[in-house]
Amino acid sequence: MYEPIRTKSVHTMAGTPSADFPHRSREEELDIQLAGHLAALLAVTDEIRALAPSADLDAGAARLAEQVTRLRGGAPLRTQTAEAPDASRLATLHRRAHALAGRALVVAASRADTAAAILSAERMDAHASAAEPRELATR
């Protein structure tokens, strides 16, 4: 019914065998993706800690740093920002952190990384509850 393809794909580069560059496995790709999401969550958490310090955020940041170190094999970069607290900015940061934790949870679940999944879910809950009272107060 259909004629088989007899020529090379137009997307194949001429003279370049496909085995001359390294390929990563699915697990390696998921590790990279998860480490990126957790590092981004750590950066936002550090920013929130600078605006509104708390013991929960300190503990969460330490656990995030441990997971990023485990996945990347090295310590993550940490930034210290000192700005005046702004309620709208703080709520925005909590929403961003909640979204990043959700992305990390999805990748951790597909990777079957229980420790990262539990940490991501806990951070989602913490940022959801932190953003909730401010949202209700602004309505």
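Author: The answers below go from the overall fold to single residues. This is a predicted model, in which local features need pLDDT of at least 70, side-chain atom pairs count only at pLDDT 80 or more, and totals for chains, interfaces and linings use all residues. Residues are numbered from 1 along each chain as its sequence is written, and side-chain values use heavy atoms, with hydrogens and water left out.

Reader: What pattern does the protein chain follow along the sequence?

Author: Helices (H or I, at least four residues) and strands (E, at least two) are DSSP runs, numbered from the N terminus. The protein chain has four helices and zero strands. Read along the sequence, the pattern is α-α-α-α.

Reader: What share of the residues of the protein chain count as buried?

Author: Buried means under 20% relative accessible area, exposed means over 50%, and partly exposed lies in between (1.4 Å probe, protein chains only). The protein chain has 139 residues. The buried share of them is 32%.

Reader: What share of the contacts with a separation of 6 or more comes from residues 24 or more positions apart?

Author: A contact means heavy atoms within 4.5 Å. Among contacts in the protein chain with a separation of 6 or more, residues 24 or more positions apart account for 74%.

Reader: Are α1 and α2 roughly parallel or roughly antiparallel to each other?

Author: Axes are lines fitted to C-alpha atoms, for helices over the stretch in contact, and angles run from 0 to 180 degrees between N-to-C directions. For α1 and α2 the angle is about 155°, with the axes 9 Å apart. Angles under 35 degrees count as roughly parallel, over 145 as roughly antiparallel, 65 to 115 as roughly perpendicular and the rest as oblique. The two helices are therefore roughly antiparallel.

Reader: How many nonpolar, polar and charged residues does the contact of α1 with α2 have?

Author: The contact includes L34, L38 and L41 of α1, and L64, Q67 and V68 of α2. Ala, Val, Leu, Ile, Met, Phe, Trp, Tyr, Cys and Pro count as nonpolar, Asp, Glu, Lys and Arg as charged, and the others, Gly among them, as polar. By class, the contact has 13 nonpolar, three polar and five charged residues.

Reader: Is Q67 buried or exposed?

Author: Q67 is found in helix α2. Leaving out residues up to four places away, Q67 touches L38, A115, A116 and L119. Q67 and A116 are 49 residues apart in sequence and 6.9 Å apart in space, C-alpha to C-alpha. With a relative accessible area of 12%, Q67 is buried.

Reader: Is H37 buried or exposed?

Author: H37 lies in helix α1. Leaving aside neighbours within four places in sequence, H37 is in contact with L100, R103, A104 and V107. Its relative accessibility is 19%, so H37 counts as buried.

Reader: What separates the C-alpha atoms of L90 and R49?

Author: L90 lies in helix α3. At 7% relative accessibility, L90 counts as buried. L90 and R49 are 41 residues apart along the chain, and their C-alpha atoms are separated by 9.8 Å.

Reader: Is A112 buried or exposed?

Author: A112 lies in the loop between α3 and α4. It has a positive phi of about 60° although it is not a glycine. At 66% relative accessibility, A112 counts as exposed.
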